[in-house]
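I opened the notebook to log one structure.

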Amino acid sequence: MKNMNQLMKQASQMQAKITTLQKELNERELDVSSGGGMIKIKINGKQEINEIKIDKECVDPNDVETLEELVQTAVNQAVKESQDMVSNAMSKLTG
């Protein structure tokens, strides 16, 4: 019975650590860019985009497709990096 109580205590402690880590990760921000820094994105650990900055030089009404591609690339990279950050942090915690 002692082993079961100890196991339950460890599970509870692990859950508390995971909850704390998730809160910390949700507050962390990553800065990601594409197009040589022409598109900049800030994203958090919840994969929420907090900010998008677009350099004036890449806004060309005659070439919207390039701007769309730059934004898409930056968003995809930001989401991937945010997911990697969360995954790495959870791996360290859970061993």
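**Entry 1: Gln 83**

I note at the outset that this model is predicted. I began with Gln 83, which is partly exposed, with a relative accessible area of 43%. I placed Gln 83 in helix H2. I then asked how far Gln 83 is from Gly 45 in space. The C-alpha atoms are 7.1 Å apart, for a sequence separation of 38 residues.

**Entry 2: the whole chain**

I stepped back to the overall layout. I found 2 helices and 3 strands. Read from the N terminus, the order is α-β-β-β-α. Helix H1 takes residues 2-27, strand S1 residues 29-34, and helix H2 residues 64-94. Strands S2 and S3 cover 39-44 and 49-54.

I looked up the dimensions next. The C-alpha trace spans about 75 × 15 × 15 Å along its principal axes. The radius of gyration is 20 Å, whereas a compact globule of 95 residues would have one near 12 Å.

I checked burial for the chain: 21% of the 95 residues count as buried. The accessible surface comes to about 7,000 Å², and carbon and sulfur atoms hold 49% of that. I also looked at contacts with a sequence separation of 6 or more; 48% of them join residues 24 or more positions apart.

I have 12 positive and 15 negative side chains. The centres of the two sets lie 19 Å apart.

**Entry 3: Ser 82**

I went back to helix H2 for Ser 82. Is Ser 82 buried or exposed? Ser 82 is buried, because its relative accessible area is 0%, and the cut-off for buried is under 20%.

I then looked for polar partners of the Ser 82 side chain. One of its polar atoms lies 2.6 Å from the backbone oxygen of Asn 44. The Ser 82 side chain also makes a polar contact with the side chain of Gln 47, at 2.8 Å.

I listed what Ser 82 touches, leaving out residues up to four places away in sequence. The list reads Leu 30, Ile 43, Asn 44, Gly 45 and Gln 47.

**Entry 4: Gln 47**

I followed the contact from Ser 82 to Gln 47. Gln 47 sits in the loop between strands S2 and S3. Gln 47 is not a glycine, yet its phi is positive, about 60 degrees. I logged Gln 47 as partly exposed, at 30% relative accessibility.

**Entry 5: Val 86**

I stayed in helix H2 and moved to Val 86. Val 86 is partly exposed, because its relative accessible area is 21%, and buried requires under 20%. Which residues does Val 86 touch, not counting those up to four places away in sequence? I found Leu 25, Gly 45 and Gln 47.

**Entry 6: Ser 34 and Leu 70**

I turned to Ser 34, in strand S1. Ser 34 is buried, with a relative accessible area of 7%. Where does the Ser 34 side chain reach at 2.8 Å? I found the backbone oxygen of Leu 70 there. Beyond four places in sequence, Ser 34 touches Ile 39, Leu 70, Thr 73 and Ala 74.

Leu 70 was the next stop. Leu 70 belongs to helix H2 and counts as buried at 17% relative accessibility. With neighbours within four places set aside, Leu 70 is in contact with Ser 34, Gly 35, Ile 39 and Cys 58.

**Entry 7: across the chain**

Leu 70 and Met 14 are 56 residues apart along the chain, with 40 Å between their C-alpha atoms. Gln 10 is in helix H1 and is partly exposed, at 43% relative accessibility. I took Gln 10 against Gln 72: 62 residues apart along the chain, and 43 Å from C-alpha to C-alpha.

Definitions and conventions:
Residues are numbered from 1 along each chain as its sequence is written. This is a predicted model: local features need pLDDT of at least 70, side-chain atom pairs count only at pLDDT 80 or more; totals for chains, interfaces and linings use all residues. Side-chain values use heavy atoms; hydrogens and water are left out. Helices (H or I, at least four residues) and strands (E, at least two) are DSSP runs, numbered from the N terminus. Buried means under 20% relative accessible area, exposed over 50%, partly exposed in between (1.4 Å probe, protein chains only). A polar contact is a pair of N or O atoms within 3.5 Å; within protein, one must be able to donate a hydrogen and the other to accept it, and residues adjacent in sequence count only if both atoms are side-chain atoms. Contact means heavy atoms within 4.5 Å. The radius of gyration is taken over C-alpha atoms; the globule rule is 2.2 Å times the number of residues to the power 0.38. Accessible areas come from the Shrake-Rupley method with a 1.4 Å probe; for residues, only the protein chains shown count as cover. Lys and Arg count as positive and Asp and Glu as negative; His and the chain ends are not counted. The place of a charge is taken as NZ of Lys, CZ of Arg, CG of Asp or CD of Glu.
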